[in-house]
Amino acid sequence: MGVNYYKLLKVAKNAMEDDLKKSYRRLAMRWHPDKNLVNKKEAEAKFKQVSEAYDVLSDPQKRQIYDLYGEEGLKTFDFPPPDDAPSGDSKFRFNPRDAEDIYAEFFGGSGGGVGGRGGGSGRSHHNHSHRRNGKKKAPAIESKLGCSLEELYKGATRKMKISRNVPDEFGKPKAVEEILKIDIKPGWKKGTKITFPEKGNQEPGVRPADLIFVVDEKPHALFKRDGNDLVVHRKVSLLEALSGKTVELTTLDGRFLTVPVDEVIKPGHEVVIANEGMPISKEPNNRGDLRIKFDVKFPSRLTAEQKSDLKRVLGGGL
């Protein structure tokens, strides 16, 4: 059957936010361990239960999943979020929160003690500070950073505008905006990670998550990257393959490159131009190679006259 959070919090199933807050305030004040020094074990258990009940029922997504699957399902399985739940991860996983962190968030931290309004027990600031210094860190948040091949070749600077939630002076979440500067280094590869420590949302009792941007390489119309090399494909006619071909290219940094190919170009032939590939990020003075791969287009048919001319010119030398 699982735990009945509504019964624990002494509220109806259709209870609104204000009802939940009033009931939690009353029960948390009653069962806080520092207010029950005689029956401290019982008080701790009750305090954890009512805090967990409030944490679930005050969160729309957790509450909806609890209503659908119950307490056992909420804690045991990963579920796709309900259709009208807030967007986020593709699956929901219940992460129990510390009862004291919920209490501190609700009553605005350590300033008011257990009494919540300046009175109550002597739960010291030192203890609260110790908890804050040892609090868990939220899981890192990763986002893709789409980069063109030109940016990864030459380097670039990106400015990313982010919005995140941080507690205000009353412990309530407020949105703040910030501009993050990302210096894209020449030679960076797909999968490179740029970390901004603790730039994620900040929640009471939890250290903010790191914000991580992961480089994703956008396709290029001409060049394809292969490690530190750049690969370009060129089609040539049979006549060009036999008589020679000059390849003209514009490099990723805008230079005009002329590559004469005098030898006979066979199917699958490749010309390698040293040091014209991608920069190597850990070796600033070195680059990969540029590889030009050729595809020879053979005619679909030849006339009798063309065949005769070929035999005469080539003389059976092929």
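Which side chain meets glutamate 270 in a salt bridge? The partner is lysine 293, with 4.0 Å from N to O. A salt bridge here is a side-chain nitrogen of Lys or Arg within 4 Å of a carboxyl oxygen of Asp or Glu.

This is a predicted model, in which local features need pLDDT of at least 70, side-chain atom pairs count only at pLDDT 80 or more, and totals for chains, interfaces and linings use all residues. Residues are numbered from 1 along each chain as its sequence is written, and side-chain values use heavy atoms, with hydrogens and water left out.

## The whole chain

The chain has nine helices and 13 strands. Helices (H or I, at least four residues) and strands (E, at least two) are DSSP runs, numbered from the N terminus. Of the 318 residues, 34% count as buried. Buried means under 20% relative accessible area, exposed means over 50%, and partly exposed lies in between (1.4 Å probe, protein chains only).

The accessible surface comes to about 20,000 Å². Carbon and sulfur atoms hold 49% of that surface. Such areas come from the Shrake-Rupley method with a 1.4 Å probe; for residues, only the protein chains shown count as cover.

Contacts also say something about the fold. Contact means heavy atoms within 4.5 Å. Take the contacts between residues at least 6 apart in sequence: 54% of them join residues at least 24 apart.

## The start of the chain

Glycine 2 lies in the segment before helix 1 (5-9). Glycine 2 has a relative accessible area of 37%, so it is partly exposed. Leaving aside neighbours within four places in sequence, glycine 2 is in contact with Glu71 and Glu72. In sequence, glycine 2 and glutamate 71 are 69 residues apart; in space, they are 5.3 Å apart, C-alpha to C-alpha.

## Aromatic rings

A pair of aromatic rings is described by the distance of the centres and the angle of the planes. Rings of Phe, Tyr and Trp (its six-membered ring) pair if their centres lie within 6.5 Å; planes under 30 degrees apart count as stacked, over 60 as edge-to-face and the rest as tilted. The whole structure holds four aromatic pairs.

One of them joins tyrosine 5 and tyrosine 66: the centres are 4.8 Å apart and the planes stand at 45 degrees, so this pair is tilted. Tyrosine 5 lies in helix 1 and tyrosine 66 in helix 4 (residues 60-76), so the pair ties together parts that are 61 residues apart in sequence. Tyrosine 5 is buried at 1% relative accessibility. Tyrosine 66 is buried too, at 8%.

Next come phenylalanine 196 and phenylalanine 213. Their ring centres are 5.9 Å apart and their planes stand at 85 degrees, so the pair is edge-to-face. Phenylalanine 196 belongs to strand 4 (residues 193-196) and phenylalanine 213 to strand 5 (residues 211-217), so this pair ties together parts 17 residues apart in sequence. Phenylalanine 196 counts as buried at 14% relative accessibility, and phenylalanine 213 at 4%.

Tyr5, Tyr6 and Tyr66 form one aromatic cluster. Elsewhere, lysine 46 lies over the face of tryptophan 31, at 5.7 Å from the ring centre. For this, NZ of Lys or CZ of Arg must be within 6 Å of the ring centre and within 35 degrees of the ring normal.

## Salt bridges

The count comes to 18 salt bridges. The table shows three of them.

| Side chains | N to O distance |
|---|---|
| Lysine 62 and aspartate 55 | 3.0 Å |
| Aspartate 226 and arginine 291 | 3.1 Å |
| Glutamate 270 and lysine 293 | 4.0 Å |

Lysine 62 is buried, with a relative accessible area of 11%. Aspartate 55 is also buried, at 6%.

The pair of aspartate 226 and arginine 291 links distant parts of the chain, 65 residues apart. Aspartate 226 is in strand 6 (residues 224-226) and arginine 291 in strand 13 (residues 290-297). Aspartate 226 is partly exposed at 42% relative accessible area, whereas arginine 291 is buried at 13%.

Back to the opening pair. Glutamate 270 lies in strand 10 (residues 270-273) and lysine 293 in strand 13, so the pair ties together parts 23 residues apart in sequence. Glutamate 270 is partly exposed at 33%, and lysine 293 is partly exposed at 28%. Salt bridges that share partners join Asp226, Asp229, Glu270, Arg291 and Lys293 into one network.
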